[in-house]
Amino acid sequence: MEYRVEELMLIVSKLARKYAGFENTSISYEKAQMLMEAVIYCLEAYENHASDVVSRRDISLQEQYAIGAELVLERMGRIRDLFNELSPSFEAYGVKCLEDTVRKGIPEFLKWYDAKFCPQDTLLTLDYPVLVDLSPYRGADAVWHFLRAISAEQRFLGRFDRAYTRAVLERHDPQYPLMYDNICEILLGNFLGHLFLQKPLQENGFSLEEYGRLCRRFSADSVSRVEEEVKRVIGELARQFYPEDGDLLDYLYGSAGNLAVRVHETARAGTLDRIFLL
């Protein structure tokens, strides 16, 4: 979205006076750039909001900015509510990266996030990898989408016994507490092996004969065909175990492409035991 420079600079100037405490208007170039980005961030929040209330384009840029700033504050409230909802039952399964990002990082974000003067700053590196692309987002938007991803993962993982989850993670990597891998994708990949074979989850482990069947099945297919199969069984999984959770299904679909490539490559190499673990 392009903005009229005169209107944009007027908003930035007003924000700069507030930032300087109305004592003077002399701020560094870096701070002026920060405030410009803050204003644009709020204007983008206005533009991206889908409700009819803010869909009008006949209001001034100042009014659009004011509404956008309120939307940023609203997003912060939703982040706080989701974190408070997630916190009591949150389980990191011993993975330090996940534990630190959620238990330590999110409270720090809530404490230090500057919604008025620097809403574009994410503050956190969000080291734990989730199954959605966070690169288009920054500030509160990035943290919101990250927390929604974590919430979906917790709902998925919550149906597994904790000891079983840890056993799968240890089979994946004996040093799993220090890993930076997505644990949801590890459990999902393992679960797919059972679904492909129609093998009950409580029947731990895969035989050489079962690995052979899976290798023959997937090494002959294209990656796109494997991805279709992965999506099919993810859909079956969701319908069977999470029938009312469409958001979770969408989240798990985000892993289908990566899992398809890994299944295809390991099937051709005869190393499916790297994905289908237990």
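## Basis of the description

Residues are numbered from 1 along each chain as its sequence is written, and side-chain values use heavy atoms, with hydrogens and water left out. Because the model is predicted, local features need pLDDT of at least 70 and side-chain atom pairs count only at pLDDT 80 or more, while totals for chains, interfaces and linings use all residues.

## Helix α4

Helices are DSSP runs (H or I, at least four residues), numbered from the N terminus. Helix α4 covers residues 96-112.

Buried denotes under 20% relative accessible area, exposed over 50%, and partly exposed in between (1.4 Å probe, protein chains only). The buried residues of α4 are Cys97, Leu98, Thr101, Val102, Gly105, Ile106, Phe109 and Leu110. Their cover includes α3 (61-86), α5 (139-157) and α7 (183-197).

## Aromatic contacts

Rings of Phe, Tyr and Trp (its six-membered ring) pair if their centres lie within 6.5 Å; planes under 30 degrees apart count as stacked, over 60 as edge-to-face and the rest as tilted. The structure holds 11 aromatic pairs. One of them is the tilted pair of Phe206 and Phe276, with 6.1 Å centre to centre and 45 degrees between the planes. This pair links distant parts of the chain, 70 residues apart: Phe206 belongs to the loop between α7 and α8 (208-219), and Phe276 to the segment after α11 (256-269). Both Phe206 and Phe276 are buried.

Ring pairs also join Phe156, Phe160, Tyr164, Phe191, Phe241 and Tyr242 into a cluster. Arg159 lies over the face of Tyr242, at 5.4 Å from the ring centre. A charge sits over a ring if NZ of Lys or CZ of Arg is within 6 Å of the ring centre and within 35 degrees of the ring normal.

Gln154 is part of helix α5 and is buried, at a relative accessible area of 14%. Contact means heavy atoms within 4.5 Å. Leaving aside its neighbours within four places in sequence, Gln154 is in contact with Leu86, Ser89, Phe90, Glu91 and Tyr93.

Most residues other than glycine have a negative phi. Leu126, although not a glycine, has a positive phi of about 50 degrees; Leu126 lies in the loop between α4 and α5. Gln198 has a positive phi of about 55 degrees and is likewise not a glycine; Gln198 is placed in the loop between α7 and α8. Leu126 is buried, with a relative accessible area of 13%, whereas Gln198 is exposed, at 74%.

## Cysteines

A disulfide is a pair of cysteine sulfur atoms within 2.5 Å, and by this rule the count is 0. For Cys97, the closest cysteine sulfur is that of Cys184, at 15 Å, which is too far for a bond. Cys97 counts as buried because its relative accessibility is 8%. Cys184 is also buried, with a relative accessible area of 0%.

Conventions: Helix = DSSP H or I, 4+ residues; strand = E, 2+ residues; numbered from the N terminus. Expected span 1.5 Å × (residues − 1).
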